[in-house]
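Please keep the structure open beside them and find each residue as it is named.

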Amino acid sequence: GSVLAASSCCLPLFPFVFAAGAAGASAFLTAARPYLLATSVLCIIYGFYQAWRMKQCQRRPSIFTASLLWISTVFVAVSIFFPQVMANAAADLLAW
């Protein structure tokens, strides 16, 4: 009984704590954005290198692998050149 009464008093605090944590994470990710994008570009370059190496060994990358590599490339390119589009898409995704 008393646990339920005590938790009903504290439950409204959780959205505020979550918002403060999200704001802190946003500040960190904004500062880390150039490094994260550079890492993403390097990983995609490595993925294309691996696909090229497979062709050198007379192996063909699977359709799934090639599709995932190209989708990742488009995703990172849009993130670099049109960051507001990605922000709007993320906000719309989280809004529903």
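1. The chain holds 4 helices and 0 strands, and from the N terminus on its elements run α-α-α-α. Helices here (H or I, at least four residues) and strands (E, at least two) are DSSP runs, numbered from the N terminus.

2. Before going further, please bear in mind that this is a predicted model, in which local features need pLDDT of at least 70 and side-chain atom pairs count only at pLDDT 80 or more, while totals for chains, interfaces and linings use all residues. Residues are numbered from 1 along each chain as its sequence is written, and side-chain values use heavy atoms, with hydrogens and water left out.

3. Of the 96 residues of the chain, 8% count as buried, where buried means under 20% relative accessible area, exposed means over 50%, and partly exposed lies in between (1.4 Å probe, protein chains only). The accessible surface of the chain comes to about 8,100 Å², and 76% of this belongs to carbon and sulfur atoms; such areas come from the Shrake-Rupley method with a 1.4 Å probe, and for residues only the protein chains shown count as cover.

4. Which residues of α3 are buried? They are Leu69, Val76 and Ser79, and, seen down the axis of α3, the buried residues fall within an arc of 95°, so they line one face of the helix. The arc is that of the directions from the helix axis to the C-beta atoms. On the other side of α3, Ile63, Trp70, Ile71, Val74 and Phe81 are exposed.

5. Serine 79 of helix α3 counts as buried because its relative accessibility is 11%. A polar atom of the serine 79 side chain lies 2.9 Å from the backbone oxygen of phenylalanine 75.

6. Isoleucine 80, also found in helix α3, is partly exposed, with a relative accessible area of 33%.

7. Glutamine 58 lies in the loop between α2 and α3, and its phi is near 55°, a positive value in a residue other than glycine. This deserves a second look, because most residues other than glycine have a negative phi. Is glutamine 58 buried or exposed? At 70% relative accessibility, glutamine 58 counts as exposed.

Note on methods:
A polar contact is a pair of N or O atoms within 3.5 Å; within protein, one must be able to donate a hydrogen and the other to accept it, and residues adjacent in sequence count only if both atoms are side-chain atoms.
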